[in-house]
Amino acid sequence: MAENPPLQALFQNFQKVTNCIQTHLSNLINHHSSSPPSADGKSPLSLSPAHKNQSNASSSATNSTHQIFLKGTSGPVTKEELGRATWTFLHTLAAQYPEKPTRQQKKDVKELMAILSRMYPCKECADHFKEVLRANPVQPGSHDEFSQWLCHVHNVVNRSLGKLVFPCERVDARWGKLECEQRACDLQGTTNLGD
């Protein structure tokens, strides 16, 4: 990866966003597990005891293999769960995308979409995403442009699956910027002269 600085920067940005999401999810889980139990006596959202210990033992923000398992889940994720997680990541990335991205950030986001279309763990999904990208090239010019493009592309996929579409004029209300201390979730790109 040292030979490909743009890809390395992309993965570093991905790690920062991932760490931020993990922090917020951990806070949410801690908040809910201290909430009063629901009618069935269970906390609304909690970790299973075995995974709670695993989570506590590996809570370091730098641990890239940290996983959270919700009570009642085990085994590999389904295609639907993977899809929801991917769209969550992409919309969160778009929410953090700068209004005036550098040339490198524009290149990185295009490359990320191309990589997803080649390496996505569901081959059928990856092939479909390639087609969607061919018909709808990435629009990385600004935060608004990229967020709206991603919403449109997500709706293209949703229509093909017979799902409801999301009103793209509400994308910022649904996928607003993460609130991270000291701007820790801001995307950091390489600033080149002339950007």
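**Helix packing, disulfides and confidence in the predicted model**

Helices H3 and H4 lie roughly antiparallel to each other (angles over 145 degrees count as roughly antiparallel, under 35 as roughly parallel, 65 to 115 as roughly perpendicular and the rest as oblique). The structure is a predicted model, in which local features need pLDDT of at least 70 and side-chain atom pairs count only at pLDDT 80 or more, whereas totals for chains, interfaces and linings use all residues. Residues are numbered from 1 along each chain as its sequence is written, and side-chain values use heavy atoms, with hydrogens and water left out.

The axes of H3 (residues 79-96) and H4 cross at roughly 175 degrees and come within 13 Å; axes are lines fitted to C-alpha atoms, for helices over the stretch in contact, and angles between N-to-C directions run from 0 to 180 degrees. Helices (H or I, at least four residues) and strands (E, at least two) are DSSP runs numbered from the N terminus. From H3, Phe89, Leu90 and Leu93 meet Val109, Leu112, Met113 and Leu116 of H4, where contact means heavy atoms within 4.5 Å. This contact comprises seven nonpolar residues, with no polar and no charged ones (nonpolar: Ala, Val, Leu, Ile, Met, Phe, Trp, Tyr, Cys and Pro; charged: Asp, Glu, Lys and Arg; polar: the others, Gly among them).

Helix H4 (residues 103-119) also packs with helix H5 (residues 123-135), at an angle of about 145 degrees and with the axes 7 Å apart. On the H4 side, Met113, Ala114, Leu116, Ser117 and Arg118 take part, and they meet Ala126, Phe129, Lys130 and Leu133 of H5. By class, the contact of H4 with H5 has six nonpolar, one polar and two charged residues.

Met113 belongs to helix H4 and counts as buried, at 0% relative accessibility (buried means under 20% relative accessible area, exposed over 50% and partly exposed in between, with a 1.4 Å probe and protein chains only). Beyond its neighbours within four places in sequence, Met113 contacts Leu90, Phe129, Leu133, Val138, Phe146 and Trp149. Leu90 and Met113 are 23 residues apart along the chain, and their C-alpha atoms are separated by 9.4 Å.

Two disulfides were identified, a disulfide being a pair of cysteine sulfur atoms within 2.5 Å. Cys122 and Cys125 form one of them, with their sulfur atoms 2.3 Å apart; the torsion about this S-S bond is about 70 degrees, so the link is right-handed. Cys122 is buried, at a relative accessible area of 13%, whereas Cys125 is partly exposed, at 25%. The sulfur atoms of Cys151 and Cys168, which also form a disulfide, are 2.2 Å apart. This link is left-handed, with -95 degrees about the S-S bond. Cys151 lies in helix H6 (residues 143-160) and Cys168 in the loop between H6 and helix H7 (171-174), so the pair ties together parts 17 residues apart in sequence. Both Cys151 and Cys168 are buried.

The average pLDDT is 72, and 53% of the residues score at least 70; pLDDT is the predictor's confidence in each residue, from 0 to 100. Confidence is highest in H4, at a mean of 97, and lowest in helix H2 (residues 49-57), at 38. Over residues 27-71, pLDDT stays under 50, and the model has 33 contacts beyond four places in sequence for this stretch. Residues 189-195 also have pLDDT below 50, with eleven contacts beyond near neighbours in sequence. Where pLDDT is low, the predicted coordinates should not be read in detail.
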